[in-house]
Amino acid sequence: MALEQDTRLDPVVDTLGRLTAPFGRQAARAALGGDWMGHALHPSLTDLPLGLWTATTVLDLFGGSAARPAAQRLLGIGLLSAAPTAASGWVEWHRTERPVRRVGVVHAALNVTAISLYTSSWTARRRDRHGVGTALALAGAGAAAAAGYLGGHLASARKVSSRHPAFDGAGRSGPGADADGAGGVGNPATVPGRPAPDVLEAVTAQHARIRLMLQELGTAGTDDRAAALRHLLAYLAGHEAVEEELLHPRVPAVDGADVGAERLREEAGVALQLERLEQLGVDSQAFRTQLSLIEEAVTRHAQAEELEELPGLAEQLSDADAAVVVRAFAAQEAWAQTRSGSFSEMLEAAKGEVRRLASAQA
Ligand SMILES: [Fe+2]
Ligand SMILES: [Fe+2]
């Protein structure tokens, strides 16, 4: 979608990111993200205003004058229900990357237009100007339909929808029970209903996401930088934990070279660089310099994994082992959103989670 690449939207994305920052926090995610029920709350909540406003239009067009009070009441309740719906939408928005956020702000702008038109419609009805109220509600329906189209794109094509791995998998229990449907936003490794688990695809998808996070941290405004850093560190900790526990130790030597040990050494080097980064003020020049060094090291390391290590390793893993690895990657992606502490603390915690998940699946 062209909107995803439209950088003219970035100033709006940045400003709204700051204004709606509370919706990116853990408390808001816990309440409005829908983790407690297993999947995103937002798509379900949109049924309320859209359903109520559709009923308003039906009464306006076919209900006659006797239905006017009911139409007005439905419209008003729809407006009230728009508030929690919008709040849950911002929670989803904060879980996405920049291209998706660009579409999200247009989706939000169209919804604000719809809400304004419906509010004017309600006011006109209060003044007994039912004809004007009906016309304004129809215009509101047009804006809401356009917003709904973009919302459909975000949910269906980009898979923007929180999920909790603990709720996936029929007949199984515990976190990470079914990684195919777990975790992330727009990640090919976590598309529901994938046929065979594919380790290489899961790793490369996460590498792409890590590169994007590094770029975003580099370009983030002052207010967003600390949050972007935490997000990156939590995600990287989970990613490296899976690789260090389940992939590198299994890599066979190639021409006498211990490929897995080499990757582990690189990861230890990156961990040290990250620890140094955590000590620096996010606004300092030293932070920017350290970040570009890390970007370079991570990119080289990821390429080495993709080109030297994974093709041979993926062939060696049994289907059951591969399934556990893919499941662990997806579970880490979901858990990264709730992890906190320093990088080394998060890495240790993540490794513990991976070991527990792997032994539960054995
Ligand atoms: Fe790695
Ligand atoms: Fe990696």
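From the N terminus on, the elements of the protein chain run α-α-α-α-α-α-α-α-α-α-α-α-α-α. The secondary structure comes to 14 helices and 0 strands, where helices (H or I, at least four residues) and strands (E, at least two) are DSSP runs numbered from the N terminus. The model is predicted, so that local features need pLDDT of at least 70 and side-chain atom pairs count only at pLDDT 80 or more, while totals for chains, interfaces and linings use all residues. Residues are numbered from 1 along each chain as its sequence is written, and chains are lettered from A and ligands numbered from 1 in the order in which they are written.

Of the 362 residues in the protein chain, 40% are buried; a residue is buried if 20 or more other C-beta atoms, placed from the backbone, lie within 10 Å of its own, exposed if 12 or fewer, and partly exposed in between. Two residues are in contact if their C-beta atoms, placed from the backbone, lie within 7 Å. Among contacts with a separation of 6 or more, 72% are accounted for by residues 24 or more positions apart.

Helix H10 (residues 222–247) and H14 have axes that come within 8 Å and cross at roughly 45°. Axes are lines fitted to C-alpha atoms, for helices over the stretch in contact, and angles run from 0 to 180 degrees between N-to-C directions. H10 and H14 are therefore oblique to each other; angles under 35 degrees count as roughly parallel, over 145 as roughly antiparallel, 65 to 115 as roughly perpendicular and the rest as oblique. By class, the contact of H10 with H14 has 12 nonpolar, 1 polar and 5 charged residues. Here Ala, Val, Leu, Ile, Met, Phe, Trp, Tyr, Cys and Pro count as nonpolar, Asp, Glu, Lys and Arg as charged, and the others, Gly among them, as polar. Leaving aside neighbours within four places in sequence, alanine 237 is in contact with Arg339, Phe343, Met346, Leu347 and Ala350.

Alanine 358 is found in helix H14 and is partly exposed, with 18 other C-beta atoms within 10 Å. Beyond its neighbours within four places in sequence, alanine 358 is in contact with Glu245, Leu246, Val324 and Ala328. Its C-alpha atom is separated by 9.3 Å from that of arginine 327, 31 residues apart along the chain.

The axes of helix H11 (residues 259–279) and helix H14 (residues 343–361) come within 9 Å and cross at roughly 135°, which makes H11 oblique to H14. Ala271, Leu274, Glu275 and Glu278 of H11 make the contact with Phe343, Ser344 and Leu347 of H14. These residues divide into 4 nonpolar, 1 polar and 2 charged.

Alanine 83 is found in helix H6 (residues 68–93). With 11 C-beta neighbours inside 10 Å, alanine 83 counts as exposed. The C-alpha atoms of alanine 83 and isoleucine 115, 32 residues apart along the chain, are separated by 9.9 Å.
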